[in-house]
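Me: I'd like to learn how to read a few features of a helical protein from its model. Can you take me through some?

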Amino acid sequence: MDEMTSSSPTVSQRDQWMVESQVFQIYQLFATIPPNAQSLMLELQRDKHIEFLTKGLRHLVGHGFVTGSFTRLLCWENPSTMNSKTTLSSFSTAARIQMVVLLGDQARDKLYGFLRRMKQPNGGFRMHVEGEIDVRACYTAISVASVLNILDEELTQNVGDYILSCQTYEGGIAAEPGSEAHGGYTFCGLAAMILIGEVNRLDLPRLVEWTVFRQGKECGFQGRTNKLVDGCYSFWQGGAVALLQRLYSIINKQMAEVSNISGIPEEKVCLHGTSSDAASHLWHEGMSESCSADFKNIGYNFINDWRAKDPLFHSIALQQYILLCAQEQDGGLRDKPGKRRDHYHTCYCLSGLSLCQYSWSKHPDSPPLPKAVLGSYSNLLEPIHPLYNVVLERYREAHEFFVGAS
């Protein structure tokens, strides 16, 4: 009987215990060393990261992971996907966007035609010709079209239906209908729904719950339930939380509707820091319930809108994981202790770090208070637009150019 009840640990359990041991050893060491040594451990190794990325440019010229990391350190861009294929996502890299700026309307027309060819009747997009159809492709297409101001009802038709079909019973969003909720696809689905003006169709309270509970005892985020912490989810999950932080009025409205059915007083179901009436104006000015208005200013209005007072995750804890566990002292950032540094994780760890640092700021142009930045204030990065993972100032320049060109 004892042999039946004392089963051996699973591979997943052993992996989890190993990661916890490695992470907690780092935290224990940090707690026992003098303050000056702690300051050194918490220092963002900016020059070392730049050196690591400079070497990478020799092999990855024009690749978004490298240029994206550079712009957070130096002071542009986003590979909007979760792999390194040269597919539809390549169009979101800085070099290609800048090329579109130089070539003008002809290049935008060709890109629009390509996006139309990738569009599927069910609302999804293919990542490339004969490629997979998933939420990642929806976000890549919608976000690029949004930045270039070519987003229209032809591209957005049925996209909301497709993404909605990918929200799982857990609350997160899967790659495709019937799959498991995943941090990267949750960000992509949520951001795409915001950009097409249909975010209110998602079950946002459940999405909030699923996302915030992916931050674990290691202080970082995991990508799926019962999976290991990974530095790249500092952005994918942290970015989703940053978007949700600006959707309090819609979330509270959904919670109030549930409370009315359950008989719970409305004031008891509001998210902390606001009432159900706070920020009741819609961030997408001009967008009606049917989302009939144009899409050109959704991203612009979203970043300038009122935001909730408090972040929905532990921003200092996440900075601790990034700086102490994901950062290589010789440059570059990684998944977790024991893993090798790479450009992908360098990009998304830095993006997540930027989100953390500005998570308490009510206005995007307000410099964060020193207490919001873990370590020296010299660790402060450029703010990014959370919908596009593009340095905010570069996004504004692109928006001014493409909206003005229309």
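This is a predicted model: local features need pLDDT of at least 70, side-chain atom pairs count only at pLDDT 80 or more; totals for chains, interfaces and linings use all residues.

Me: Which residues make the contact of H11 with H12?

Reply: From H11 you have Gly-183, Thr-186 and Leu-190, and from H12 there are Leu-204, Leu-207, Trp-210 and Thr-211. Sorted by class, the contact of H11 with H12 has four nonpolar, three polar and no charged residues.

Me: And at what angle do H12 and helix H13 pack?

Reply: About 145°, with the axes of H12 and H13 (residues 233–244) 10 Å apart. The crossing of H12 and H13 is left-handed. By class, the contact of H12 with H13 comes to eight nonpolar, two polar and no charged residues.

Me: How do I read the faces of a single helix? Take H7: which of its residues are buried?

Reply: The general idea is that an α-helix has 3.6 residues a turn, so residues three or four places apart point the same way. In H7, the buried residues are Ala-107, Arg-108, Leu-111, Phe-114, Leu-115 and Met-118. Looking down the axis of H7, these buried residues fall within an arc of 120°, so they line one face of the helix. Turned away from that buried side are the exposed residues Gln-106, Asp-109, Lys-110 and Arg-117.

Me: What span should the 14 residues of H7 have?

Reply: At 1.5 Å a residue, helix H7 (residues 105–118) should span 20 Å, and its end C-alpha atoms are 20 Å apart, which agrees.

Me: Is Leu-115 buried or exposed, in numbers?

Reply: Leu-115 has a relative accessible area of 1%, so it counts as buried, the cut-off being under 20%. Leu-115 and Thr-140 are 25 residues apart in sequence, yet their C-alpha atoms are 9.8 Å apart in space.

Me: How many residues of helix H16 are buried?

Reply: Ten of the twelve residues of H16 (residues 315–326) are, so this helix is largely enclosed by the rest of the structure. Among those buried are Tyr-321, Ile-322, Leu-323 and Leu-324. The cover over the buried residues of H16 includes helix H2 (11–32), helix H3 (35–41), H13 and helix H17 (343–357).

Me: What about a loop residue such as Glu-170: which residues is it in contact with, leaving aside its neighbours within four places in sequence?

Reply: Glu-170 sits in the loop between helix H10 (159–165) and H11. Those neighbours aside, Glu-170 is in contact with Ala-181, Arg-206, Trp-210 and Thr-225. At 22% relative accessibility, Glu-170 counts as partly exposed. Glu-170 and Thr-225 are 55 residues apart in sequence and 9.2 Å apart in space, C-alpha to C-alpha.

Me: Last one, backbone angles. Which residue has a positive phi of about 60°?

Reply: Most residues other than glycine have a negative phi. Glu-130 has a positive phi of about 60° although it is not a glycine, and it lies in the loop between strand E1 (125–126) and strand E2 (133–134). Glu-130 is exposed, with a relative accessible area of 74%.

Me: Where does Cys-219 lie, and is it buried or exposed?

Reply: Cys-219 lies in the loop between H12 and H13, and its phi is near 90°, a positive value in a residue other than glycine. Cys-219 is buried, with a relative accessible area of 15%.

Terms used: Residues are numbered from 1 along each chain as its sequence is written. Side-chain values use heavy atoms; hydrogens and water are left out. Contact means heavy atoms within 4.5 Å. Helices (H or I, at least four residues) and strands (E, at least two) are DSSP runs, numbered from the N terminus. Ala, Val, Leu, Ile, Met, Phe, Trp, Tyr, Cys and Pro count as nonpolar, Asp, Glu, Lys and Arg as charged, and the others, Gly among them, as polar. The expected span of a helix is 1.5 Å times one less than its number of residues. Buried means under 20% relative accessible area, exposed over 50%, partly exposed in between (1.4 Å probe, protein chains only). The arc is that of the directions from the helix axis to the C-beta atoms. Axes are lines fitted to C-alpha atoms, for helices over the stretch in contact, and angles run from 0 to 180 degrees between N-to-C directions. A crossing is left-handed if the near helix is turned anticlockwise from the far one by less than a right angle, and right-handed if clockwise.
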